[in-house]
Amino acid sequence: MRAGLLLLLLASPAVAAPPPGASSCSGCHGAPGGAVPSLSGHSAEDIAASLAAFRTGARPATVMNRIAKGFSEEESRAIAVWLAGGGP
Amino acid sequence: MTGIGRRTMLAGLAAAGLPRPALAQGARGRVVVVGGGFGGATAARVLHRAGLAVTLVEPAETYWACPFSNEVIAGLRPMAAQAFGYEALRASGVTVARTSAEAVDGAERRVRLADGSTLDYDRLILSPGIALRFDALPGYDAAAAEAMPHAWKAGAQTELLARQLAAMPEGGTVVLSVPGNPYRCPPGPYERASLIAYYLKTRKPRAKLIVLDAKDTFSKQKLFQQAWTTLYPDVLDYVPLAAGGQVTAVDPGAMTVATDFSTVKADVACIIPPQRAAPIAAAAGVADRSGWCPIDPVTFESRLVPRIHVIGDAAIAGAMPKSAFAANAQGKVCADAVIDLLAERAPVAPKLVNTCYSLVAPGYGISVAGVYHPDKGVLADVEGAGGTSPLDAPDAVRRQEAAYAEDWYRTITRAVFG
């Protein structure tokens, strides 16, 4: 039964419920190669650390500092884990 | 399959770096999405990806994007850069019905289409955009818009205004009329003013632009006005409400624009009229007396008719502006909520982001951002977050924001239509 279910799951499109705020990120962050950095290939730890640094202002930014302030550390971590897992 | 078993399986898949299962598991039902813009096309894509049967109703074969269309008007960008089709959405498996929705029976849960057929739904998402009100400004109707373009829905109107500007005599006068709130793209009229001023300064330096505004405050105001003082002091004349800026009537035959205090003769007049949600919203009974659609801030479900959700410019989304970015973000959140509701799960309170870039000149970008959450029944600003670009930023930051604007457009249009 497990193997059968695994096949069924793999045949389904990859979708996981995004935590609050996470689905907005792909409004700007897309494939690598553009002016806006891509989020693909980054670990959850990296993304969470970046969000924390944007939130405190430790990392300079144009707009991410303004956006990161809208999320708690816990929310940021959940977003980071979701994005690192492949996002949408 | 027990819950524990499913969780174990999910953990195993995640550890193996394998794709995660469709969340729609348990979500069954037919979803109809009306409107193939930044909101509707996004929602349809998310719903389809989750394994739900979804039909996107959109009469146009080509979608003309509004963001960056001000650059087309100023001759900085080809119109072709605004055109998107639905081939990729179809190819991904979304059913696109190329017709328009004419009526909705909320009790029977049925949409009537222009071709006479009907679509039954369990959940309906309306993302119909705006209608220009041709009953709100004396003298300004659909025929007047052929002489005095609004260019507030991209397409033929955008090209008309671009042609008029190009054909305008040296030393001509351009008048831009800006409506009161709410309307599509709050900073859009001021970006348009900036880029028309740039066009005049570089191509017709003796010409003038008069901006007549029905209000005194607007989005990114300090940033725009700082740039205007620096870049366009001899070109752009901004007249706010308090100085008599509200346009009270237009005469497309005489090419005049009237306020309570004066009548201006224009060589080119761009009149952005007041707006409301597109007609299907009223037909479905989801628009209130304001002409816009009140919604629940968690699910975007209409406050007036159950099982109909409204996203994008047509919705009353509290502090969220009517923007392409917002519509795209709402499309994703609304689709996730619909998946939950169809699976009889309670949707989690969302957070949404908006970022809007404006160009005040080529290579000179400014932005406003916000983070929003449901609070006391409306989408409210998350306090302490958001805001505009700094007033004292160096040129390098303005250049970077202009590059980000361009890249945002590339990314979002690829995500929605690509």
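Reply: Let us begin with a single residue. B:V310 touches B:L126, B:A281, B:V286, B:C293, B:I295, B:F300, B:S302 and B:A315, leaving aside residues up to four places away in sequence. Contact here requires C-beta atoms, placed from the backbone, to lie within 7 Å. This is a predicted model, in which local features need pLDDT of at least 70 and side-chain atom pairs count only at pLDDT 80 or more, while totals for chains, interfaces and linings use all residues. Residues are numbered from 1 along each chain as its sequence is written, and chains are lettered from A and ligands numbered from 1 in the order in which they are written.

Me: Which residues have the most contacts inside the largest nonpolar core?

Reply: In soluble globular proteins, nonpolar side chains tend to be buried together. A nonpolar core is a set of buried Ala, Val, Leu, Ile, Met, Phe, Trp, Tyr and Cys residues joined through C-beta atoms within 7 Å. A residue is buried if 20 or more other C-beta atoms lie within 10 Å of its own, exposed if 12 or fewer, and partly exposed in between. The largest core has 156 residues, and those with the most contacts inside it are B:L47, B:L126, B:I196, B:A281, B:C293 and B:V310. Helix 10 (residues 324–342) of chain B gives this core its largest share, twelve residues.

Me: How many helices and strands does chain B have?

Reply: Helices (H or I, at least four residues) and strands (E, at least two) are DSSP runs numbered from the N terminus. Chain B has eleven helices and 25 strands. Its radius of gyration, taken over C-alpha atoms, is 22 Å, close to the 22 Å of the globule rule for 418 residues, so chain B is as compact as a globular protein of that length. That rule is 2.2 Å times the number of residues to the power 0.38. Of the 418 residues, 53% count as buried. Among contacts with a separation of 6 or more, 68% join residues 24 or more positions apart.

Me: In what order do the three strands of the open sheet lie?

Reply: Strands of a sheet pair through backbone hydrogen bonds, either parallel or antiparallel. Pairing is assigned if DSSP finds at least two bridges between two strands. In chain B the order is 6-7-8, with antiparallel pairing. Strand 6 (101–105) and strand 8 (118–120) each have a single partner strand, so one side of each lacks a neighbour in the sheet. Four bridges join strand 6 to strand 7 (residues 110–113), and B:D105 has B:R110 as its bridge partner there.

Me: Where are B:C185 and B:P182 found?

Reply: The loop between strand 11 (173–178) and helix 7 (188–203) of chain B holds B:P182, and B:C185 is found in that loop too. A cis peptide bond with omega of about -5° joins B:N181 and B:P182. B:C185 has a positive phi of about 60° although it is not a glycine.

Me: Is B:C185 buried or exposed?

Reply: B:C185 is buried, with 25 other C-beta atoms within 10 Å. With 17 C-beta neighbours inside 10 Å, B:M255 counts as partly exposed.

Notes
Contact = placed C-beta atoms within 7 Å.
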